[in-house]
Amino acid sequence: MTNGGGRYWNEDAQRWEDGTRDDRGTAPREPRPGGRRPRALWAVAGATAAVGLAVGLTVSLGTDDDGKNPEPTDSSTLSSPTFPPPPEDPGTDVDSPSPTVTEPPYGYTVLDDDEGFRIAVPEGWHRSTTPAQYGMDIVHYRSAAGDRRIMVYQVEERTPDESFRLYLSEVPKPRGFHQLSLEHVDDAGVSGTRLEYTADSLKGEPDIGTWHVYDERFVSVDGLIYSITSYGPDSDGGADALRNLTTALEWFCPPGSECPVPSD
């Protein structure tokens with residue numbers, strides 16, 4: 001029976017408190033701070049912790065294909081994280097060819113072109129490209145005044161002679177085109193066929209009077225055919241254009257190839 005008086009004597013606290021007593025004549029005891037919890041609660045808590053530990057191990061270790069837990073990984077065997085290389089110097093012009101450490105003839109610089117070939121051109125010239133229907137892009141090197149140019153491209157025809165037969169018979173010529181010679185040459189360490197001609201004007205180039213042009217097509221060390229064409233004013237009889245051609249040929253090395261440095 002419960003006491004309807006609304007107050008009871010708390011033996012543990014040794015004081016009167018509001019509430020009711022149980023049938024044994026004493027109030028239900030609240031657990032003391034720091035005292036023991038009921039055994040049933042400890043059992044439930046222990047079971048819960050055990051289940052949590054088991055689930056945690058299963059998630060962290062995973063299972064192999066047979067449903068068995070694999071051996072835990074030794075953290076000392078994990079590879080170190082990799083990081084991307086630092087960014088390039090913002091002042092670097094990625095579109096410009098990179099100079100090599102070789103020493104070209106006086107007044108020339110040796111370049112590793114972005115199309116993969118090596119070549120020597122006069123110092124201070126600037127580079128541009130135009131798309132090609134075959135092989136690499138057509139690469140142009142021009143003087144600051146625009147009155148001299150070196151052009152490099154890959155030839156599609158099977159031989160230099162076949163390429164020139166097609167050019168001379170079917171390809172439109174510049175205004176005032178006049179063929180001076182077409183001959184096989186073995187010059188600057190390169191064997192090929194060289195066309196020499198003059199023209200009154202060239203498409204897209206400045207009006208400097210008569211142009212003097214040397215166009216050499218040759219089989220390079222990689223077995224492919226290339227053309228190096230040198231343009232310049234005819235006022236010196238083409239001497240400057242020829243010197244630019246032979247220097248470019250001497251230092252030319254096709255993409256993906258290893259070529260020795262020219263010797264004197």
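Reader: What share of the 264 residues in the chain is buried?
Author: Buried residues make up 32% of the chain. The model is predicted. Its secondary structure comes to three helices and 12 strands.

Reader: Why is aspartate 240 called buried?
Author: Its relative accessibility is 14%. Buried means under 20%. Aspartate 240 therefore counts as buried.

Reader: Why is arginine 148 called partly exposed?
Author: Arginine 148 has a relative accessible area of 22%.

Reader: What makes arginine 148 and aspartate 240 a salt bridge?
Author: Their closest N and O atoms are 2.3 Å apart. The cut-off is within 4 Å, between a side-chain nitrogen of Lys or Arg and a carboxyl oxygen of Asp or Glu. The pair meets it, so this is a salt bridge. Side chains of opposite charge can pair when their charged atoms come close.

Reader: Which parts of the chain does that pair link?
Author: Distant ones. Arginine 148 is in the loop between S7 and S8, and aspartate 240 is in helix H3. The two are 92 residues apart.

Reader: Which residues are linked with Arg148 and Asp240 in a network of salt bridges?
Author: Asp147 and Arg243. The search of the whole structure finds nine salt bridges.

Reader: How do you know that glutamate 205 and arginine 149 meet in a salt bridge?
Author: The N to O distance is 3.3 Å. The cut-off is within 4 Å, so the pair qualifies. Glutamate 205 lies in the loop between strand S10 (190-199) and S11, while arginine 149 lies in strand S8. The pair therefore ties together parts 56 residues apart in sequence.

Reader: Are glutamate 205 and arginine 149 buried or exposed?
Author: Glutamate 205 has a relative accessible area of 13%. For arginine 149 the value is 7%. Buried means under 20%. Glutamate 205 is therefore buried, and so is arginine 149.

Reader: What makes arginine 217 and aspartate 215 a salt bridge, and are they buried or exposed?
Author: Their side chains meet at 2.8 Å, N to O. That is within 4 Å, so the term applies. Arginine 217 has a relative accessible area of 5%. Aspartate 215 is at 4% relative accessibility. With the cut-off at under 20%, both therefore count as buried.

Reader: What volume does the largest pocket have, and which classes line it?
Author: The volume is about 890 Å³. The lining has 15 nonpolar, four polar and seven charged residues. Rolling a probe the size of a water molecule over the atoms shows where empty space is left.

Reader: What about the second largest pocket?
Author: It holds about 270 Å³ of space. Its lining has 18 residues, with Gly189, Val190, Val221, Glu250 and Phe252 nearest the centre. S11 and helix H3 (239-251) are the elements that give two or more residues. By class, 12 are nonpolar, three polar and three charged.

Reader: Why is glycine 189 called exposed?
Author: Its relative accessibility is 76%. Exposed means over 50%. Glycine 189 therefore counts as exposed. This residue sits in the loop between strand S9 (178-187) and S10. Glycine 189 and tryptophan 251 are 62 residues apart in sequence, and 9.2 Å apart in space, C-alpha to C-alpha.

Reader: Which residues have the most contacts inside the largest nonpolar core?
Author: Phe117, Ile119, Tyr141, Ile150, Val152 and Ile228. The core has 20 residues. The largest share, four residues, comes from H3.

Reader: What does valine 152 touch, leaving out residues up to four places away in sequence?
Author: Its contacts include Phe117, Ile119, Met136, Ile228 and Phe252.

Methods
Residues are numbered from 1 along each chain as its sequence is written. This is a predicted model: local features need pLDDT of at least 70, side-chain atom pairs count only at pLDDT 80 or more; totals for chains, interfaces and linings use all residues. Side-chain values use heavy atoms; hydrogens and water are left out. On a 1 Å grid over the protein atoms alone, a cavity is a set of points where a 1.4 Å probe fits but cannot get out, and a pocket is an open set with protein on both sides within 12 Å along at least five of seven lines; lining residues have an atom within 4 Å of a point. Grid points are joined across faces, edges and corners, and a volume is the space filled by probe spheres set on the points. Ala, Val, Leu, Ile, Met, Phe, Trp, Tyr, Cys and Pro count as nonpolar, Asp, Glu, Lys and Arg as charged, and the others, Gly among them, as polar. A nonpolar core is a set of buried Ala, Val, Leu, Ile, Met, Phe, Trp, Tyr and Cys residues joined through side-chain atoms within 4.5 Å. Buried means under 20% relative accessible area, exposed over 50%, partly exposed in between (1.4 Å probe, protein chains only). Contact means heavy atoms within 4.5 Å.
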